[in-house]
Every structure is written in C-alpha cells, then in structure tokens.
Amino acid sequence: MADRAALEELVRLQGEHVRGLKHQKASAEQIEEEVAKLLKLKAQLGPDESRQKFVLKTPKGTRDYSPRQMAVREKVFDVIIRCFKRHGAEVIDTPVFELKETLTGKYGEDSKLIYDLKDQGGELLSLRYDLTVPFARYLAMNKLTNIKRYHIAKVYRRDNPAMTRGRYREFYQCDFDIAGQFDPMIPDAECLKIMCEILSSLQIGDFLVKVNDRRILDGMFAICGVPDSKFRTICSSVDKLDKVSWEEVKNEMVGEKGLAPEVADHIGDYVQQHGGVSLVEQLLQDPKLSQNKQALEGLGDLKLLFEYLTLFGIDNKISFDLSLARGLDYYTGVIYEAVLLQTPTQAGEEPLGVGSVAAGGRYDGLVGMFDPKGRKVPCVGLSIGVERIFSIVEQRLEVSPRGFGRESTDHRDTGACGICTEEAAERETEACIRAMGCWDQGRAALQEEPKVTEPVAILRGIRHTTGGHHRRAGAQGRGH
C-alpha cells in the first residue's frame, strides 16, 4: 500500500511537471519525453481495484427534484388535495409493495409491467402498479362498504419511459374513489366534476374528458362477432386508437390477435364515432346494439350521466367516445379519460389531444375478488396524472416565471350542504341547479369542511319529468 501511495505521488508530481512545461510552451520534444515518463509511471501504477468506477445517474425512468421543482409539486398537490377534501374525502395510505398474488390478474396485458421483488422471508412481493387494487384489498380486509377516500403516493411500472412527456417508471398518482351503494351515476358524475374542477384550477390549458362504458364495448364486441375469450385483448387494441391510426389497430387485431378482417371492420364502424348525448340516443336506436342487454344498460346509464353533467355545467367538456377502452381488466362500467387539447393550427380544424392527464372509471367487481365470500362493493374513482402536469407547469414557468394555479371560483361542492330547499327540489331540473348557487354559500355558512359520506346528496331531491309523472333520481334502485 505504501509503494502504491509513493507511485501515486510520483504520478501527481510528473503530471504537474508536464502541465508546467505546456504552460511555459516548452519544446515539443521535451514535452513528449516527459509525457512518456508519465505514462510509464501510470503503467507501473496499474488500475486501482479498490476504486470501482461507475456513472453517477438516477435509474432509468426516475429523476431528482430541485427545491424549485418541489415548490411546483407542492402547489399542484395543494390544489388537488383541497379539491378532494372539499368533496368530503378522507386520506389513507397502503404499503408500497403488495403480495404478488394481490396484483396478479388485475391489469390485463399491462401485467408484464409489474415490478417483481426477490423472495424475502418466504413472501413473493411486487411493487404496486397503481393505487386502485391496493384500495380494493384495503376495503376487503377491513370489511368496509362505504367510504370516500383519496390517496397520493408513488407507483411503479416497468415501462419504456418518455420523461420529456411526463412518463416515468416511478411516479405519483393522485386518486379519489367512492365506495358504496348509491343512486345510479351520481358518484360517477361527481368524479367527473372533480376532474374538471382540478384541471380548470391548475390552468394547464383546454381539456376534453372522453367517456365510454365497458358494457357498451362488450356489447359492441359481441354483436360484431368477437369471441368472448378475445374481449379483453381486443379491448387493449382499441385503447391504442388515441396514439395510432385505425389501420394500425386493425392490423394488430387481425395479424397478431387472430381476429377475422370482417369483424375488425365492423368494430371500426363503431369505434370511430364520438359525440355527446345525441350519439347515445342514436345508438339506443341502433338495430343491433340496442338488442344487446349489456350495451343497452350502458347506454341508459350514460344518458342519465349526461343529465347530471348538464346540471353540473360541465357537459361541454365531455365527449362520448367509443374508442375509449381503458386497458385495465377491472373496469366494469363507465370509464373516462381527460386529455389536453392543442390549439388548432387552422380555422375549422378540430383540437387534437396532446396527452392524457387524468382517467378513471367504475370497478364494481374488484373488491369481491379479495373478499372470502365474494361480496362486492360498488366503486368508482379517478386518478390525476400529476407527472405530466408537473412537466407542463415547469415548461411554462421557464417561459413565464409568474405563479400558476389560480383555483377555480366554481367551488360548488357536490356534498350535502343542507341549504337546497324542498321547494327548489320540486322545480324543473335546470331551474333547481340554477338555484343551487348554495354550493358556494353553503360552504361559508358551515364554517368548516364537512365529511360527506354520500356523494352529491343535494341531487337526491331533484326529480326528473317522465311522461307527465315525477320520479326521484335512481328510484328504480339500481345499485352502482
């Protein structure tokens, strides 16, 4: 060790000598002679086995955050959490890893992206892929049948990252979910309202929320001739339509998944349609689709959902899009995804989506997978894609370092504020909602954030006029 230290000192001195000669602009011959001596000393020294050379970097698909970036994150989280709390949600937390069997079979083709851990103490473990499956496990373990919760935490996916577009292997999800039995479409409408509130408050640009229903998709696949065994895998192909052309999706269905070309063409006739409630009504009259029980139920619920969205004043932000599939296996009903829109380059062009920033849907069967007796707890929820939002906000702050995220003044909470009178509830639907400026007034009157266990309780008094008679919303007792 002493000999090595002496050689290292000689190398250091010789190196300084060479640098000195270069600084003095000595002759090339002299410099070359001294460099040769330096190289000879280095050769005698050899590699230092005790020093392992490695590249200092973060693992693929991860990143560090500076204090300035953390300030942006904290602001975004604050806007999101305040909205979740305003809607009566309580916070929970779950382990960052789960038993592998807990996550297996819940994510369809995306299951290959789950990070498996080495066997530790006799348990096979995996890093959580999302916050929804751990929430369902939490409900089943604690025998909970009614809760409104939010959860903000990191999840992990063994994906090919595109970090400039906010796609990582380690990233945060901000989830809001409603578990329990309620009138049809009321929790679903509240989730869409929350999504619109948050995206409007963050002021990251114009957005559109695409909506569909898994039952409509399954009914559509059935009438088009897709075998039952291929429903989920074809669903995953359709879900790629926001990224690639229909021709590419069709080639995948036919070439890779063995679907007959005429069946794929029939699917294409449907999945390239999008619109509003008028499209729902059009499909209710479709001679084939209207004969499928699943599709008919899905279309009926979507029609009711659009009524609530109109009451909330957000129907202009919603598009019924038959190409929206959401590849995860656990969805059972309404599904939705919010995308940012880029400004059209020419007048008359439709805005183009530039990326998903939020998504969610209904998953009524997931809790039952964990319950020993198979008892189901209806659930619906949403997840905000904060990493993409962070990227957008950071880019904009580089251009204009002024603040961002003015919270929306439209904080008409969908919880029970106790101010909407029976008289208002008896009015026509639109008039009642106009009277419900009490959302804002009620929040001030209550002096504190209430814990609301029933979503949109204020809507329970709204009556829909049908054939000259009034019926209370959801009076048929369909549980979701």
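1. In this predicted model, the chain is made up of 17 helices together with 13 strands. Of its 480 residues, 49% are buried, and the chain exposes about 24,200 Å², of which carbon and sulfur atoms supply 51%.

2. Two backbone positions deserve a comment on their phi angles. Most residues other than glycine have a negative phi. Lys-143, although it is not a glycine, has a positive phi of about 50°, and Met-185, likewise not a glycine, has a positive phi of about 70°.

3. Where does Lys-143 lie? The residue is placed in the loop that runs between helix H5, spanning 132–141, and strand S4, spanning 147–156. With a relative accessible area of 64%, Lys-143 is exposed, because the cut-off for that class is over 50%.

4. Is Met-185 buried or exposed? Its relative accessibility is 0%, and Met-185 therefore counts as buried, the cut-off for that class being under 20%. Met-185 belongs to the loop between strand S5 (170–179) and helix H6 (186–202).

5. Taken together, the two positions may be set side by side when the model is inspected: Lys-143 is an exposed residue in the loop between H5 and S4, whereas Met-185 is a buried residue in the loop between S5 and H6.

Methods
Residues are numbered from 1 along each chain as its sequence is written. This is a predicted model: local features need pLDDT of at least 70, side-chain atom pairs count only at pLDDT 80 or more; totals for chains, interfaces and linings use all residues. Side-chain values use heavy atoms; hydrogens and water are left out. Helices (H or I, at least four residues) and strands (E, at least two) are DSSP runs, numbered from the N terminus. Buried means under 20% relative accessible area, exposed over 50%, partly exposed in between (1.4 Å probe, protein chains only). Accessible areas come from the Shrake-Rupley method with a 1.4 Å probe; for residues, only the protein chains shown count as cover.
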